[in-house]
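Work through the exercises below with the sequence and the model at hand. Each task is followed by its solution in steps.

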Amino acid sequence: MTSYRLAISAPDHADSRSLRQLAEWLRGDEQVGDHATVDLEAAPLEKSDMGSAFDAVKVVLDEGFQLANLVLAVATWRRTRPAKPGVVIERNGIRVTVDTDDPEKIAQIAAALDDASE
């Protein structure tokens, strides 16, 4: 199993609602949902916080999953947003931002994440 952390990098979209929408989108995606566990990752709580907020989506993928499918699903989700936020995907300290739906760039992003092997 391989784990990825996804965070929305646009400050006006880095809220729990947008992250929940992204998580639901990934769970419902045919290529991702059947091969991944998608959870929301809680932000650290401060003493004054009343409840929990989310700061990332955690995706754990089955072995053999084509990483480009995850990047493509994120790019497709971005296209549905009025102000297309960038989505940062992190694996083993390597961070890449999905801010395009260009197939060539998606392949480059997937390759960069794939190179971040454990």
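Of the 118 residues of the protein, 38% count as buried (under 20% relative accessible area, with a 1.4 Å probe and protein chains only). This is a predicted model, in which local features need pLDDT of at least 70 and side-chain atom pairs count only at pLDDT 80 or more, while totals for chains, interfaces and linings use all residues. Residues are numbered from 1 along each chain as its sequence is written, and side-chain values use heavy atoms, with hydrogens and water left out.

**Exercise 1.** State how many helices and strands the protein has, and their pattern along the sequence.

Solution. Count the DSSP runs, numbered from the N terminus: helices are H or I of at least four residues, strands E of at least two. The protein has four helices and five strands. Along the sequence they give β-α-α-β-β-α-β-β-α.

**Exercise 2.** Describe how helix α1 packs against helix α3.

Solution. Two packed helices are described by the angle between their axes and the distance between the axes. Axes are lines fitted to C-alpha atoms, for helices over the stretch in contact, and angles run from 0 to 180 degrees between N-to-C directions. For α1 (residues 16-28) and α3 (residues 67-79), the angle is about 130° and the axes are 10 Å apart. Angles under 35 degrees count as roughly parallel, over 145 as roughly antiparallel, 65 to 115 as roughly perpendicular and the rest as oblique; α1 and α3 are therefore oblique to each other. Next, list the residues in contact (heavy atoms within 4.5 Å). On α1 these are Ser18, Gln21, Leu22, Trp25 and Leu26, and on α3 they are Leu70, Ala73, Val74, Thr76 and Trp77.

**Exercise 3.** Where is Asn92, and what is its phi?

Solution. Start with the strands: β4 (residues 87-91) and β5 (residues 94-98) run antiparallel and are joined by five bridges, where pairing takes at least two DSSP bridges. Arg91 has Ile94 of β5 as its bridge partner. Asn92 lies in the loop between β4 and β5, a hairpin with two residues between the strands. Phi of Asn92 is near 50°, a positive value in a residue other than glycine.

Technical notes
Buried means under 20% relative accessible area, exposed over 50%, partly exposed in between (1.4 Å probe, protein chains only).
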